[in-house]
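Student: I have a structure open and would like to go through some side-chain contacts. Can we take them one at a time?

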Amino acid sequence: MAHEFSWSVSRHDTFSSCARKYFYSYYVSQDDPEVQRLKKLSALPLWAGSVVHETIENLLKTRDTLPSETEQQAIVHATVHERLLSDWRASESGPGSDEGELRFRLFEHEYRTPVEPEDKKIVVGTVMRSLRNFFNSPVLEEALAVGRSQWLTIEDLVSFDVGGVPVFLRMDLAFRDRAGRVVIVDWKTGGEGRFNEIQLAGYALYAAHQGWVANAEEIETELAYLAIPRYVRRSVDSRKLEHARAFIEKSAGRMKALLIDPLINAGRLEDFAMIDRPQVCRRCNYRRLCFPPPVPVDEQPAAVAL
């Protein structure tokens, strides 16, 4: 079944890391339930990031003021002792579905990778520090001060056209500050990623496309590294927007070049090469598809005497 070609930073990141992984994620997974299940596996660091993002999203969509210190502590406690524990138990119970949806599953449980107590502590520590630093972040104070009427988006999935290609994105938060500038914020629980800056430039390109500003100089972007914490705010100009546009068009062109029919977005698995990097492959969700485990001798079909 053919699906419309589209572009996103996550697609670009996956394609850049391994073309075979990209094909599994954005082509095979759309029609194969088992590949879709593998796609949704979450490694420990990604799990911590997802929990933090979802907690922040819920807070921003339900609160107009900063929670009290007592409420903040209660939110952090509930996230760690209820949400994390619930996810962990669901993952431990094995693959399956809950009420028609795929059950949460950790990569480590799927591939029976030992999880040391220290690994769990790192996840808990990341979540706790990130949420506490979020509550104390200057950008949250700024967003709350201007009021919800000046907020432009909170985690809304949107798309726009770049060079004839639908580009999908989801901004963590965008708001208009007291001076009328648009501030685009991206929460991070990890370190600096390869494509963080291009991701924000793409967000700025969308803001300009939507007419949120009259010119690019009225946009600012902020990478909020919550676990550290460190807040990196940068101005935007027309040159940065054009760079983002060219980057997207070039990236989309490279992806389409491997298709047998770009018009209907059709491709073949064999045209999307595997990488030869054992350290990377060992941590890939599709490891068992690329490197099937050997069949035990007692399960192999018996030889037929001729």
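Student: Which residue lies over the face of F5?
Tutor: That is R11, at 5.4 Å from the ring centre of F5. Keep in mind that this is a predicted model.

Student: OK. And what lies over the face of Y26?
Tutor: K39 does, at 4.7 Å from the ring centre. Y26 also belongs to an aromatic cluster, together with F15, Y22, F23, Y27 and F272.

Student: How many aromatic pairs are there in the whole structure?
Tutor: A search of the whole structure gives 15 aromatic pairs. Take Y22 and F272: their ring centres are 6.1 Å apart and their planes are at 25°, so the pair is stacked. Planes under 30 degrees apart count as stacked.

Student: Where do Y22 and F272 lie?
Tutor: Y22 is in helix α2, residues 19-26, while F272 is in the loop between α10 (238-256) and α11 (278-281). The pair therefore ties together parts that are 250 residues apart in sequence.

Student: Are those two buried or exposed?
Tutor: Y22 and F272 are both buried.

Student: Switching to charges. How many salt bridges does a search of the whole structure find?
Tutor: The search finds 22 salt bridges. One of them joins the side chains of E110 and R37, at 2.8 Å from N to O. E110 lies in helix α6 (residues 107-110) and R37 in helix α3 (residues 33-39), so this pair ties together parts that are 73 residues apart in sequence.

Student: What about R105, which residue does its side chain meet in a salt bridge?
Tutor: E110 again, with 3.0 Å from N to O. R105 is buried, with a relative accessible area of 11%. For E110 the relative accessible area is 10%, and E110 is buried as well. R37 is also buried.

Student: Which residues do salt bridges with shared partners join into one network?
Tutor: E142, D177, R181, E220, E222 and R233 are joined that way.

Student: Last one, D87. What does D87 form a salt bridge with?
Tutor: With R83, and the closest N and O atoms are 2.9 Å apart. Both residues lie in helix α5 (residues 69-92), four residues apart, which is about one turn of the helix.

Methods
Residues numbered from 1 in each chain as written. Predicted model: local features only at pLDDT ≥ 70, side-chain atom pairs only at ≥ 80, totals over all residues. Heavy atoms only, no water. Phe/Tyr/Trp six-rings, centres within 6.5 Å; stacked < 30°, edge-to-face > 60°. Helix = DSSP H or I, 4+ residues; strand = E, 2+ residues; numbered from the N terminus. Buried < 20%, exposed > 50% of the residue type's maximum accessible area, 1.4 Å probe, protein only. Lys NZ or Arg CZ within 6 Å of the ring centre and 35° of its normal. Salt bridge = Lys/Arg side-chain N within 4 Å of Asp/Glu carboxyl O.
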